[in-house]
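Take a moment to turn the model around before reading on. We'll go through some charged pairs and then a sheet.

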Amino acid sequence: MYTCSYLVTLLLNIAMLCQGANIFRLQHGHSMEEVSSYPTDAFTSATPTVSHWAWQRELVAAVGSTVLLNCTARDGLAPAGASWQHNGRKLASSRRDSPAAPGAQLRLEDVRVEDSGTYLCLVDGRVQTQVVLKIGRKPQLPKIVDCISKNADTFRCWWTVEDSDLETHYRLFYTFNDGKRIRHECPEYEGVDSCFFGYDHAYLHTRYRFEVRATNALGSATSRPYYVDPTTERVKPDPPRHVHTRLRHNDGTKVKVSWRSPTDIMYLSIQYELQYRSENDQPDDWTVQKTGEQTNFLLLGLEPNTRHFLRVRCKPVLLGGFWSEFSDVTEVMTGESHDRHRHHLT
């Protein structure tokens with residue numbers, strides 16, 4: 001009789017769990033009592049109480065709540081002489097027994113993150129109930145950091161991710177400023193903190209409205225709206241590539257500098273800036289030379305027999321663009337001087 005009752009109870013509880021119900025049934029002998037697994041006041045200033053049910057294997061509770069873990073024997077009855085362990089260690093009696101049900105119920109008040117772990121109820125050395133308890137907080141409000149395009153044809157958005165004790169999922173949603181307010185989701189997530197918009201989802205001269213939602217087992221939080229036209233207002237190319245130097249054979253103070261455009265700029269027009277300094281200059285004392293859309297430059301009249309450092313960056317000629325990061329610093333050692341000319345474009 002007990003076996004049939006146990007199977008029926010187990011199937012009902014599994015069905016309710018799969019349907020996302022927040023009410024579970026806890027068996028006490030032949031009677032049934034409804035208890036709330038995730039109470040509606042779990043995120044208020046009041047101290048909530050979270051109870052586990054006989055066959056539940058995992059329980060999530062908010063920091064500061066009260067957790068009740070019930071020990072149930074295989075026949076469905078509350079066992080006598082039960083003891084509790086937390087991560088393999090016997091719990092102190094001051095925190096173990098509930099006055100209402102000594103031994104058979106574990107009451108944890110004002111729980112902390114450190115209370116997370118595996119709880120075992122044992123009777124005569126045999127495990128009667130095992131519960132994995134996870135303690136955490138509702139997600140904090142995420143924030144969209146930026147949306148940047150490298151080429152005015154595609155772009156990426158990224159957002160803040162908190163260090164949470166609970167598994168947290170992030171989703172990016174967006175609408176267009178066209179009055180339709182049709183919500184779309186990120187077309188291609190890149191990890192937990194960024195989204196890539198390819199050619200099929202990035203539109204020139206189009207203003208987007210972005211929001212990020214963070215969700216874990218205790219609730220969700222949505223960022224404030226972020227409005228931007230990424231392919232027009234936020235264009236920032238990659239740094240120039242393969243910066244190369246060569247000394248002129250007739251004068252060791254003449255240095256030809258050349259570089260390649262960043263990858264994946266498509267038809268975007270790029271302007272460049274070359275910066276250089278000698279080893280005798282201060283680390284931040286760079287000489288700046290605009291080169292327009294040229295990808296090479298001839299430096300003349302540098303200090304002879306001196307180590308020099310060079311770097312290059314770029315930005316779009318048009319649109320609301322930003323300077324790229326600098327290329328890796330390139331070093332060159334000058335030779336003997338044969339004239340005193342300055343530098344010029346080639």
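Glu58 is partly exposed, with a relative accessible area of 42% (buried is under 20%, exposed over 50%, partly exposed in between, using a 1.4 Å probe and protein chains only). Keep in mind that this is a predicted model, where local features need pLDDT of at least 70, side-chain atom pairs count only at pLDDT 80 or more, and totals for chains, interfaces and linings use all residues. Residues are numbered from 1 along each chain as its sequence is written, and side-chain values use heavy atoms, leaving out hydrogens and water.

So what does Glu58 form with Lys134? That's a salt bridge, with the closest N and O atoms 3.7 Å apart (the term means a side-chain nitrogen of Lys or Arg within 4 Å of a carboxyl oxygen of Asp or Glu). Glu58 sits in strand 4 and Lys134 in strand 11, so the pair ties together parts 76 residues apart in sequence (strands are DSSP runs of E, at least two residues, numbered from the N terminus). Lys134 is partly exposed too, at 34%.

Now hop over to Glu273, which forms a salt bridge with Lys290, the closest N and O atoms being 2.5 Å apart. Glu273 counts as buried at 2% relative accessibility, whereas Lys290 is partly exposed at 47%. Together with Arg313, these two are linked in a network of salt bridges.

Definitions and conventions
Helix = DSSP H or I, 4+ residues; strand = E, 2+ residues; numbered from the N terminus.
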